[in-house]
Amino acid sequence: MSDSEDKMQRLLMELQSWCQDFRMTVSETKSKVVSQTDLGFWEMFDLDLEHVSSLEQVNQYKYLGVEMYPTLKGIKMAKNKQIISRAWSFAKSIMTSLKYDIDKTEVIIASWKNIALPAILYGIETIPVNANTMRELEKIQSIIGKFALQVRGSTASELVNLDLG
């Protein structure tokens, strides 16, 4: 990470130097530069200032399953979207897989509290969650609760929360 074009260019030169020392290359197709600058590509040069390769600049990049952004705002937006997406995915899975279980209410609530919520909220202490995401998560939890208690969708969410604890 760098806060200026000059520093980023020096970092890229250090990377190229390291690659030469260890007889490695940087894959142009797999490697990207995440930056807020207006450059489309970052040039990599060897120590003799000969052009070696060009790395594409992107606004975000997925590395080992993790979205990388140049700003905290981008990370927060991605995390909030991920929370909602995971919550809906777990809710649908729980409601479709437990239609015919004998102790349906207990199994649904245990699955939501012990499996879904920890997976959905993993890492939440490091990245702030906005109010809209929390409202959507509460809505999904209310839908799960109403499904578990087998009450109408028009039932007040407060009653569901009171009954389930």
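Helices here are DSSP runs of H or I with at least four residues, numbered from the N terminus. With that in hand, welcome to a quick tour of a predicted model, in which local features need pLDDT of at least 70, side-chain atom pairs count only at pLDDT 80 or more, and totals for chains, interfaces and linings use all residues. Residues are numbered from 1 along each chain as its sequence is written, and side-chain values use heavy atoms, with hydrogens and water left out.

- You will find Thr 133 in helix 4.
- Thr 133 counts as buried because its relative accessibility is 5% (buried means under 20% relative accessible area, exposed over 50%, partly exposed in between, with a 1.4 Å probe and protein chains only).
- Leaving aside residues up to four places away in sequence, Thr 133 touches Asn 80, Ile 83 and Ile 84 (contact means heavy atoms within 4.5 Å).
- With Asn 80 there is also a side chain to side chain polar contact at 2.7 Å (a pair of N or O atoms within 3.5 Å; within protein, one must be able to donate a hydrogen and the other to accept it, and residues adjacent in sequence count only if both atoms are side-chain atoms).

**Helix 3 against helix 4**

- The axes of helix 3 (residues 104-120) and helix 4 (residues 131-149) come within 8 Å and cross at roughly 160 degrees, which makes the two roughly antiparallel (angles over 145 degrees).
- These axes are lines fitted to C-alpha atoms over the stretch in contact, and angles run from 0 to 180 degrees between N-to-C directions.
- Helix 3 contributes Lys 104, Thr 105, Ile 108, Ile 109, Trp 112, Leu 117 and Ile 120 to the contact, while helix 4 brings residues including Leu 137, Ile 140 and Phe 147.
- Sorted by class, this contact has 11 nonpolar, 2 polar and 1 charged residues (Ala, Val, Leu, Ile, Met, Phe, Trp, Tyr, Cys and Pro are nonpolar, Asp, Glu, Lys and Arg charged, and the others, Gly among them, polar).

**Helix 2 against helix 3**

- Helix 2 (residues 72-97) and helix 3 have axes that come within 10 Å and cross at roughly 155 degrees, and are therefore roughly antiparallel to each other.
- Among the contact residues are Ile 83, Arg 86 and Phe 90 of helix 2, and Ile 108, Ser 111 and Trp 112 of helix 3.
- The class tally for helix 2 with helix 3 is 11 nonpolar, 1 polar and 1 charged residues.

**Ala 156 in a loop**

- Ala 156 sits in the loop between helix 4 and helix 5 (157-164), and is partly exposed, with a relative accessible area of 35%.
- Its C-alpha atom is 9.1 Å from that of Ser 142, 14 residues apart along the chain.

Technical notes: Angles under 35 degrees count as roughly parallel, over 145 as roughly antiparallel, 65 to 115 as roughly perpendicular and the rest as oblique.
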